[in-house]
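Me: I would like to go through this model term by term, asking each time what stands behind the word. Please set each value against its cut-off before you conclude.

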Amino acid sequence: MVPKIHSGELNSENPSSYSGIWKYPTNRDVHFQSVLDWIANKKEDDNLKGLWRVNNKIYNLETFVKHHPGGSDWLEISRGTDITEAFQVSHIINPIAVEKTLERYFVRDTTTPRYSPYTFEEDGFYKILKKRIQPIMKEVGTGPTDEIKRMMDSIVFGFFCLSILGTFLNSTWLQILAGLFLAMVAIGAHNFAHLKHNWRTYCLDLTWASSFEFRISHVFSHHCFPNTILDAELSLFEPILEFLPKANKNWIQRHGPIVYNHVLYSILFGMAFLTRWMRVIERKQLLRPEFLLVWFHLALCLVIGSDMTSGLTSWVTTQLTCSYFYHLCAINSAHHAPSIFHDGDEARKDPDFGLCQLDAVRERSDSLIQNSLFVQLVVLGEHSLHHLFPTICNSKLKYIRAVFEETLEEFGENFPAMSSWDHFKGCLEQLRRSSPKSIEERKAEEAKFSSKSK
């Protein structure tokens, strides 16, 4: 595949830096869509008519959905789509046994090119690394340790204590602190949302966000296609936040975020909340039981507050604060800087899934983040390894760090880490950027960071 450098404008003639994305995504430029619109558009582009695709084979998993060890939601959501990326990153242990199970549901081969930027060659970086970590993960397991479970549960407990106390005392500062704890709950739930079905995933539903929608926009979209035009966590922010290096960005889009980002961070969860409930009321979206958890928090505030107004104010204050700190962390922590690949930039010649993932993410060099599991849990730490193997709990990633570094060295790859401050500045610089960069230009940008990824 020949790397391309675009003018900065991606369209039907130049849909992506990757030749594997051979057409412009359906309704990509229709703004203010929901995540359900994104998955519907992907189903139209993949054109599988309710079946599932892995590599160049089509499967009918209908009778397997309820028996899927990771939970039925994963297959229900992905029905009618190409799940190659999700399949590869989700099955680390005993992949041969998994593939034998998959073969039971084989329908036919297909010669239609995959609608994806990436490859999974047996001698490529990702498949070699995946094989090397298999015996390690078979020994230690991929699931959460008791330690990280206790951490998560303690944050949830702290949130409820602070919210109850802040509402009872009518203390704005305690309500803001409760919102900070709720943001940590939401970020911590991110780790559990990637794992097999577990109740801690639903801690995200204590916020105005939704764990169900998160699995679509984040797991199936962002994690599979980071910083490409298929990444819903780019398209759903547009045109307010334009992360791709588009030539037609206006002055406000380039320079306004330094001011309005902080307002936007506070209301993003609220916008999703209102959209979700409007769709539920209009019967465009099913009402899921976990959607009611956020109303439980409201009811708690109304019961404890001195009156309805104070209870409602406490709930809104906590939720707005949560949204602010969550997005301050999530948007500025790993993916956006001029040295990081964004669709429109020159892509690497060999689009190996693992290396392309690393092109779109940078680790943070702060020692506190690198050395504390608790901090990693609440600020999206160990992000590079997490993107390669999202179904391995954060608490287990340390076991494969050495193998990861050895494999990077073997392939002659290096991805310098950046400080949190550099990530924050880099995000604003990326929003201002309106022209694509070659690989050499991005490497020159990286040269300023003396710290190296772990």
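Me: Which residues are exposed on the other side of H20?

Reply: Glu440 and Ala444 are exposed on that side of H20, where exposed stands for over 50% relative accessible area, buried for under 20%, and partly exposed for the range in between (1.4 Å probe, protein chains only). Helices here are DSSP runs of H or I with at least four residues, strands are E runs of at least two, and both are numbered from the N terminus. This is a predicted model, in which local features need pLDDT of at least 70 and side-chain atom pairs count only at pLDDT 80 or more, while totals for chains, interfaces and linings use all residues. Residues are numbered from 1 along each chain as its sequence is written, and side-chain values use heavy atoms, with hydrogens and water left out.

Me: What makes the buried residues of H20 a set on one side?

Reply: In helix H20 (residues 439–446) the buried residues are Arg442, Glu445 and Glu446. They cover an arc of only 100° around the axis, and therefore lie on the same side of H20; the arc is that of the directions from the helix axis to the C-beta atoms.

Me: Why are Cys203 and Cys393 called buried?

Reply: Cys203 has 5% relative accessibility and so counts as buried, and Cys393, at 0%, counts as buried too.

Me: Which residues touch the most other members of the largest nonpolar core?

Reply: They are Ile133 and Phe389, in a core of 61 residues. A nonpolar core is a set of buried Ala, Val, Leu, Ile, Met, Phe, Trp, Tyr and Cys residues joined through side-chain atoms within 4.5 Å. Helix H5 (residues 125–140) gives the most to this core, with 5 residues. Leaving aside neighbours within four places in sequence, Phe389 is in contact (heavy atoms within 4.5 Å) with Ile92, Tyr126, Leu129, Lys130, Ile133, Leu397 and Ile400. A second, separate core has 42 residues, among them Met151, Leu182, Val280 and Leu380.

Me: Why is the pairing of Glu382 with Arg401 called a salt bridge?

Reply: The term requires a side-chain nitrogen of Lys or Arg within 4 Å of a carboxyl oxygen of Asp or Glu. The closest N and O atoms of Glu382 and Arg401 are 2.5 Å apart, so the pair qualifies. Glu382 lies in the loop between helix H16 (373–379) and helix H17 (383–388), while Arg401 is in helix H18 (residues 401–410), 19 residues apart. Both Glu382 and Arg401 are buried. The structure holds 28 salt bridges.

Me: What makes Glu76 and Glu62 partly exposed?

Reply: Glu76 has 36% relative accessibility and therefore counts as partly exposed, as does Glu62 with a relative accessible area of 43%. Arg79 forms a salt bridge with Glu76 at 2.8 Å, and another with Glu62 at 3.0 Å, N to O.

Me: How do you know that His222 is buried, and which side chain does its own side chain meet in a polar contact?

Reply: His222, found in helix H8 (residues 211–222), has a relative accessible area of 4% and is therefore buried. Its side chain makes a polar contact with the side chain of Asp231 at 3.0 Å. A polar contact is a pair of N or O atoms within 3.5 Å; within protein, one must be able to donate a hydrogen and the other to accept it, and residues adjacent in sequence count only if both atoms are side-chain atoms.

Me: What is the phi of Lys49, and why is Lys49 called exposed?

Reply: Lys49 has a positive phi of about 50° although it is not a glycine, whereas most residues other than glycine have a negative phi. Lys49 has 73% relative accessibility, and so counts as exposed.
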